[in-house]
Amino acid sequence: MSSFQQIDEEERLKDLFSLEILDTESEERFDHLAQLTARILRASNVGINLVDRNRQWSKSHVGIPASGKREDSLCSHALNNGYLEVPDTFADSFFKNHPAVVHPPFVRFYAGVVLHGPTGHPVGTLCIFDTEKRRLTESERELLIALGSLVEREMNFDHERVRAREALIDITRRDAETGLPNEKLFIENMKDLILVFDSEERPFALIHLRVDNLDAITRLHGRAMRDRIIAFLSNRLTAADNQTLLAARIGPSRFCAVIPLMSIRSAFDAALPLVNSLREPIEIEGHLVRADLDAGLAVYPEDSRTAEELMECARRALKSPYGIQHIYAFTPESEAHAARQLALEERLESAVIKNKTYLNYQPVFRSSNRDLVGFEALMRWNDEKFGQISPAEFIPIAEKKDRLSRLVTQWVLKTACKEARRWESNYRSATFRIGINIPAREFYQSDFIYLVKSTLADHRVVADRITLELTEESLITDIDHAIDSMQRLSEIGIKLALDDFGTGYSSLSYLRRLPVDLLKLDKNLIDDIPEDKEARSVVSGIFGIAAGLGLRTVAEGVETEEQLQLLQGLGCDLIQGYYLGKPMDADGALNLIESHHAQNSR
Ligand code: C2E
Ligand code: MG
Ligand code: MG
């Protein structure tokens, strides 16, 4: 199992030293590969060994460590062979008297694949050995060789990075900013990995990560902060406690990672801890900043057996309609869905400009006496080609793009204010408020407050006719900044509601800091209260905390008398839901005000 090669020892050592790896600390990335080798090849002893002038030094090992004198080293014999395999040292005329065979560790079986330095000289090996004889199968041998090339690439990585810096970046393989592989190198690495995983019939997941708030962060805090976020993400991706086999940066706001799976069904569970660890808030100059991440998942071998196709699948998965916690699995339907989304995005813009969208108003009642207290404005769109489209579908599309999000917000604010003006002119003494949903990203636009103020002024609407509803997502990018915007809105008399409470991060701990007046409990929480005792106590707990913080509460999606009664009993202030009133058009809302007004003035 060898092809002998003459070695120029001085050149070889030059290559080894240029790696600057000897006597360095242990590193997770190598330990990880050593462990992977042990697991895959069921080997008790693994070494990533480097052969110095007079000694062998082990960068990483599993089982028996193999640093020592050069004459005791088996790996040094592998150097001129490219690959050395000795199934039974006792039966080998040369190796049976070798110090490593006749003395501890009494090596009986050895297989080592040579690792090369930056200029191609042999510098060490990835080896496995045992005290029992063993013959590798052809596929095991291929695995060892494939693993060797992963180790070799990793080992040359730092060298490459230094050289790349010197040569003003080798743009063909690495991302200049993070040193992570770029898409090209990542695909090459994945191909090697597929060789390994293929013969083992093991699945893995490819995760495509997209950071959605990088622009917002740059705008708010400048380029340096953005760079810190990128560095954080790249460090997290390669951190020891994360199970990533490969990581890459494939675009300004896009990363990729490969993680091993126990089964193809466990992809989501395996990806979630990694994605969440990337979502952790980081403190930079007193600000808590968090990456707003979407993740697309593709699974090997289920979705594809080739690296390039897997990349495509993960990319397309991001457009899938079925996401949980913003993690999207690839499905064959993703494709059709992506096409529809693109079409909707294009049509929505012109629908808004041409005023083909309209608002519905859903009434909100006081829970104690069922008095009408206001409405929530809900956007509707009836498209000529696609028919009625739910805001649950088109709002997320609009919210992805700054410009479209602004267009929609402007339109909703204007339309709701116009209506508020009309109602007020008719029923001056009626008290009502209109809730307006505001996309998360608006809280980071510098002119948002101005937009609100000027729209109110244009339509002569006083601030206390308006409640702005925001979701917890608004707080992700930079909670302090969001709070600042919220405070400035409060100062002009606008009330704020935290919408869909109980679905997102729902951290009660930061609730205290938010200048909100109203907590809107999501329908999901309300649905279960008649049957589920636990749900009732969660809801009751939230009401208790809200009361303690001086917040009023709204229950959303109340559909039955039973729910209404329970909510009353639990101390909920306001009720919104089909049971007391479905969303209606503007005239319907005006009629409702009229009848309540008449009732109350009787
Ligand atoms: P949301 O702000 O939580 O609005 C409440 C949603 O619950 C509305 O759905 C409403 O029709 C629905 N709903 C209310 N009561 C019941 C009930 O008893 N049963 C059931 N099954 N559903 C009920 P809609 O109108 O489909 O809106 C969905 C989401 O789209 C809204 O959730 C909001 O996040 C967003 N959205 C709607 N209009 C706008 C808008 O003008 N601007 C923005 N930025 N987002 C909007
Ligand atoms: Mg809402
Ligand atoms: Mg809601």
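Tutor: A salt bridge is a side-chain nitrogen of Lys or Arg within 4 Å of a carboxyl oxygen of Asp or Glu. The model shown is a predicted one. Arg347 and Asp383 form such a salt bridge, their closest N and O atoms being 3.0 Å apart. Arg347 lies in helix H11 (residues 333-353) and Asp383 in strand E16, so the pair ties together parts that are 36 residues apart in sequence. The cut-off for buried is under 20% relative accessible area, that for exposed is over 50%, and partly exposed is in between. Asp383, at 8% relative accessibility, therefore counts as buried. Arg347 has a relative accessible area of 25%, so this residue is partly exposed.

By the salt-bridge rule, the count comes to 49 salt bridges. Among them is the one between the side chains of Arg153 and Glu188, at 3.7 Å from N to O. This pair links distant parts of the chain, with Arg153 in helix H5 (residues 138-166) and Glu188 in helix H6 (residues 183-200), 35 residues apart. Arg153 counts as partly exposed at 24% relative accessibility, and Glu188 counts as partly exposed at 27%.

Glu188 also meets the side chain of Arg173 in a salt bridge, at 3.6 Å from N to O. Here too the pair links distant parts of the chain: Glu188 is in helix H6, Arg173 is in the loop between H5 and H6, and they are 15 residues apart. Arg173 is partly exposed, its relative accessible area being 22%.

Which strand holds Asp383? Asp383 is in strand E16. Glu376 and Glu469 are both buried.

The magnesium ion (ligand 3) is coordinated by Asp499 (OD), Asp500 (OD), Glu556 (OE) and Glu556 (OE), at 2.0 to 2.4 Å. The donors of the magnesium ion (ligand 3) follow the spacing D-D-x55-E along the chain.

Some acidic residues gather at the surface instead. Asp528, Glu531, Asp532, Glu534 and Glu562 form a patch of negative charge there. Patches are made of residues with over 30% relative accessible area and no salt bridge, and like charges are joined within 9 Å. Asp528, one of the residues in this patch, counts as partly exposed at 37% relative accessibility. Asp528 is placed in the loop between helix H17 (523-527) and helix H18 (533-548).

To finish, a few details of the backbone. Where is Pro105? Pro105 lies in the loop between helix H4 (99-102) and strand E5 (109-116), and the peptide bond from Pro104 to Pro105 is cis, with omega near 5 degrees. Phe106 is also found in the loop between H4 and E5. Phe106 is not a glycine, yet has a positive phi of about 55 degrees. With a relative accessible area of 43%, Phe106 is partly exposed.

A cis peptide bond also joins Tyr300 and Pro301, with omega about 5 degrees. Pro301 is in the loop between strand E12 (293-300) and helix H10 (307-317). Gln325 is another residue that has a positive phi, about 50 degrees, although it is not a glycine. Gln325 lies in the loop between strand E13 (323-324) and strand E14 (327-329), and counts as partly exposed at 43% relative accessibility.

Technical notes. Residues numbered from 1 in each chain as written. Chains lettered and ligands numbered in written order. Predicted model: local features only at pLDDT ≥ 70, side-chain atom pairs only at ≥ 80, totals over all residues. Heavy atoms only, no water. Patch = residues over 30% accessible without salt bridge, like charges linked within 9 Å, V, L, I, M, F, W, Y side chains within 5 Å. Areas by Shrake-Rupley, 256 points an atom, 1.4 Å probe, with all protein chains shown as cover. Lys, Arg positive; Asp, Glu negative; His and termini not counted. Charge placed at Lys NZ, Arg CZ, Asp CG, Glu CD. Helix = DSSP H or I, 4+ residues; strand = E, 2+ residues; numbered from the N terminus. Buried < 20%, exposed > 50% of the residue type's maximum accessible area, 1.4 Å probe, protein only. Donors = N, O, S within 2.8 Å, 3.2 Å for Na, K, Ca; no water.
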